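Here's a quick briefing on how two parts of this protein meet. Have a look at the model first, then read on.

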Amino acid sequence: MTNESSKEKKTTSAEETLRQRSFIELAQALTAQKSNAAGRPLTYCLTTFGCQMNEKQSEAVAGIMDEIGYVRQDNEEADVVLYNTCTVRENANLKVYGRLGHLHSLKDRNPDMKIILFGCMMQEQHVVDKIRKSYPFVDLVFGTHNIFKFAELFYEMLQSDQQIINIWEGTDQIVEDLPTERNYTFKSGVNIMFGCNNFCSYCIVPYVRGRERSREPEAIVKEVKRLVADGVSEVMLLGQNVNSYGKTLEHPVTFAQLLEMLEDVEGLKRIRFMTSHPKDLSDELIETMAKSKKICHHLHLPLQSGSSRILKIMNRRYDKEKYLNLVEKIRKAIPDISLTTDIIVGFPGETEEDFRETLDVVAKCGYDTAFTFLYSKRSDTPAAAMENQVPQDVAKERFNRLLALVQKEGRTRSSRFEGSVQEVLVEEESKEKGIFTGRTEYNLLVHFPGSADLLGKYVKVSLDECHGFYYMGSLVEE
């Protein structure tokens, strides 16, 4: 039996927040009973696949689980196992299916175990059909649009012995002020918008995350001030295309204007953001970044292809010349900018000439890092039905050539800081005891000997040795 819903009952954000908090209280009571009967705290394991938007949503789910009374653990031999899924590439789907087999064996040993799947992958009808047919032991399935109803769905699941599937086709609701459990005490992601209107021909995101909707700037500023009061000094502003922020608001606000509002938040030291679509990156934003004292000099600017012909088929709405001109404009205004990018290899119809155009852009732009991907066919996207799909062996050969160039250029570009002293936010201890990891404002990773009392602090580090995409460094006494 399933419980499916594609329509939302309209409530205001404040009403929905109160409603969900009432379900948290109801779930707390049930959980306390189960915990007392078991003679121990109940546990959950939450795994996130995909992007930083997914990481942020997982923090919200973790916050609700914590408040309900569950204790988080890394081991999947838990009372509740949750997967926050991604569907940008086929491998992400296959990984989830593979791990479900393992969870089935765990549930055979512990029939009271609950398994929950949510996120982008669940917005695809063929996925839901497969779960219903092949994985009936999954207890709860929901998507991206009704994640704010997690407490309600979780309470319903606790009372049911049947599979619950609750997928919405879309929503325009943005619900604020629900519990969240941050991965770090000193830095946090902040959603400024949801969804995407771009419909790049290879991309599934608009279909699984819906149309763009921006949060009110006052709500974003309020959240950031609250985070800063709670010890956060660095925020990452998140959206599928932050450059189009504010267009859906009743009183439109540009992304640059939002950044200027956040610049005034006392106690906030660093502002990062992603992802920027080249077609919407304005002169106003470049000027704001150049004069800011808080916006990090790192910009993630996805290229996807260097071929104007392929870019047109991808529906990217810029060409090679416009992209290169944009990079030149950015570098002129912010000479020390760190640029990173995404590139797809083997898009349908890509010729050797098209691929060489991509190599040319990589050579000219001087990226610090480029994230390279083999084209992954996603059902229901225009590119999936295109003719002239590139043979895998050809795509892989091109991928290897691109990777070699990216690594060579990245090493050269990143090494410009060798011997300098940079301010680093210390994020975590590495696997090697006594070695700590942090990031510069240019988003470069630095490993250096330190101590746990440095976590969350800004320290001066000498960048002694460049190892391609990271540095080995040493603390500088102030």
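**Where domain 1 meets domain 2**

Between domain 1 and domain 2 there is a count of 1 salt bridge, meaning a side-chain nitrogen of Lys or Arg within 4 Å of a carboxyl oxygen of Asp or Glu. That's in a predicted model, where local features need pLDDT of at least 70, side-chain atom pairs count only at pLDDT 80 or more, and totals for chains, interfaces and linings use all residues. Residues are numbered from 1 along each chain as its sequence is written, and side-chain values use heavy atoms, with hydrogens and water left out.

- The salt bridge pairs Glu223 with Lys56, with 4.0 Å between the closest N and O atoms.

**Domain 1's side**
- Two or more residues each come from α2 (52-68) and α3 (90-109); helices here are DSSP runs (H or I, at least four residues), numbered from the N terminus.
- α2 gives the most to the side touching domain 2, with 5 residues.

**Extent of the interface**
- 16 residues of domain 1 are in contact (heavy atoms within 4.5 Å) with 19 residues of domain 2.
- About 1600 Å² is buried between the two, 52% of it from carbon and sulfur atoms; that is the accessible area (1.4 Å probe) lost on putting the two parts together, summed over both.

**Layout**
- The protein splits into domain 1 (13-166), domain 2 (189-415) and domain 3 (418-475), with bounds from an automatic or database domain assignment.
- The centres of domain 1 and domain 2, taken over C-alpha atoms, are 30 Å apart.
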